[in-house]
Amino acid sequence: MDFVYSEICFAHNPPFEVSSGRWQPHSESPARLASIHKALTELPSVFHLVSHRDFGLDPILRVHSPDFVEYLQTIYQEWVAAGRTPQGVLPDSFPHPALVNHLPENRWKASTNSSIEAKVSTYAFDLGTMIVDGTWKAAITSANVALTASYRLMELAKAGGDKPIGTYALCRPPGHHACRAASGGFCYLNNAAIAAQFFNDHDLETATKLLNGEVTSTPRSGVKKKVLIVDVDYHHGNGTQSIFYDTDNVFYISFHGYPDYPYFTGSADETGSGQGEGYNINIPIDAANTTNEEYLEKLKKVLESESVVNYKADVIIVSLGFDTWCEDPVGGIIHFSDANAYKEMGQLFATAKGTKSRPTLFVQEGGYTVPKLGSFAVNVLQGFMDAK
Ligand SMILES: [Zn+2]
């Protein structure tokens, strides 16, 4: 299986996060990336490294607002130039509904650029997502890692064959919490959403033109490929849900510990709106009482449900987090304690009625039991490839 990875993603290394009232080392560490990369390179006959390529800003701007993208690119230098701590950028207030809801939106939004603190507070929703010197470089590379793996998947799908067709984007920082115009949950750019929109917008021909610089913007001529995103990170992918909430071009399914971070999204009654009604499924998991067998049963059930089978997705994107593991310090489903379950999970994506025989892109999200992450990734991907 081809996987895409870049050392540039090590450049993002915040010194700390604030979580549950504690200042603590940043859980989303470069060591996570190193652990997975090492495990894949130890199996050179199975996993083949593909270097990331630069697709320009256009695919990013199809998902994120231009002001937010410019903010991510410039805020660290602006922050330091304004005399703030070079340690990193964090908000100290938020435009919470209680603070601003009595005002017209354009009034309080006009304050975004009134001070550097107001700007930072507008574009972040928590204290766990610091911006440091290398953040933009790593985040845009992480998005390009996902795009390169998407492009490679298009090439492989065109070539065909009878084996399950998949690629793996070893992304860091992760993406599924990032919204159209806000960072949070260790996420800055939403890699899986950017990839999904790329499949909506492109076939191999137009993607190649974009990559070669023959065109600089994405064609807006209908939906090329319908995408099903299955998010198996421990946390609810609030960002991915919000980005595609009112469209049926992307069907979003999330399995997540509930109630848990990000606390205000992820209930089963969030089902999409407008054109997107019925194309958002949340499966809240009881993290104290669910075994890996029960988790996989629920996954199989939804992947074989009528709505998913009838959707007839052209492409599957798996938002792959390993913070479901029982020992995970950030997430953790207490009885998810058999590493073989990750192999079965990979098999399921290749065999379930709603996902089988589809090109499948695995995008790395969370997972914080650093020494074990590599073996978990190998399990999922080998389970997928070896499925009969
Ligand atoms: Zn997570």
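Buried means under 20% relative accessible area, exposed over 50%, and partly exposed in between, with a 1.4 Å probe and protein chains only. Helices (H or I, at least four residues) and strands (E, at least two) are DSSP runs numbered from the N terminus.

This is a predicted model, in which local features need pLDDT of at least 70, side-chain atom pairs count only at pLDDT 80 or more, and totals for chains, interfaces and linings use all residues. Residues are numbered from 1 along each chain as its sequence is written, and side-chain values use heavy atoms, with hydrogens and water left out.

**Exercise 1. Find out which residues of helix H14 are buried, and what covers them.**

Step 1: Locate H14 at residues 373-386.
Step 2: Go through its residues. The buried ones are Leu373, Gly374, Phe376, Ala377, Val378, Asn379, Val380, Leu381, Gly383 and Phe384.
Step 3: Look for the cover, counting as contact any heavy atoms within 4.5 Å. It includes helix H1 (30-41), strand E5 (166-169), E9, H13 and strand E10 (360-364).

**Exercise 2. Work out which residues hold the zinc ion's protein donors, and where two of them sit in the chain.**

Step 1: Pick the donors, which are N, O and S atoms within 2.8 Å of the metal (3.2 Å for Na, K and Ca); water is not among the atoms, so sites may look incomplete. Asp233 (OD), His235 (ND1) and Asp323 (OD) lie 2.0 to 2.1 Å from the zinc ion.
Step 2: Read their spacing in sequence, which is D-x1-H-x87-D.
Step 3: His235 is in the loop between strand E6 (227-231) and helix H10 (238-243), and Asp323 is in the loop between strand E9 (315-320) and helix H13 (340-351), so the two tie together parts that are 88 residues apart in sequence.
Step 4: His235 is buried at 6% relative accessible area, and Asp323 is buried at 0%.

Note on methods. Expected span 1.5 Å × (residues − 1).
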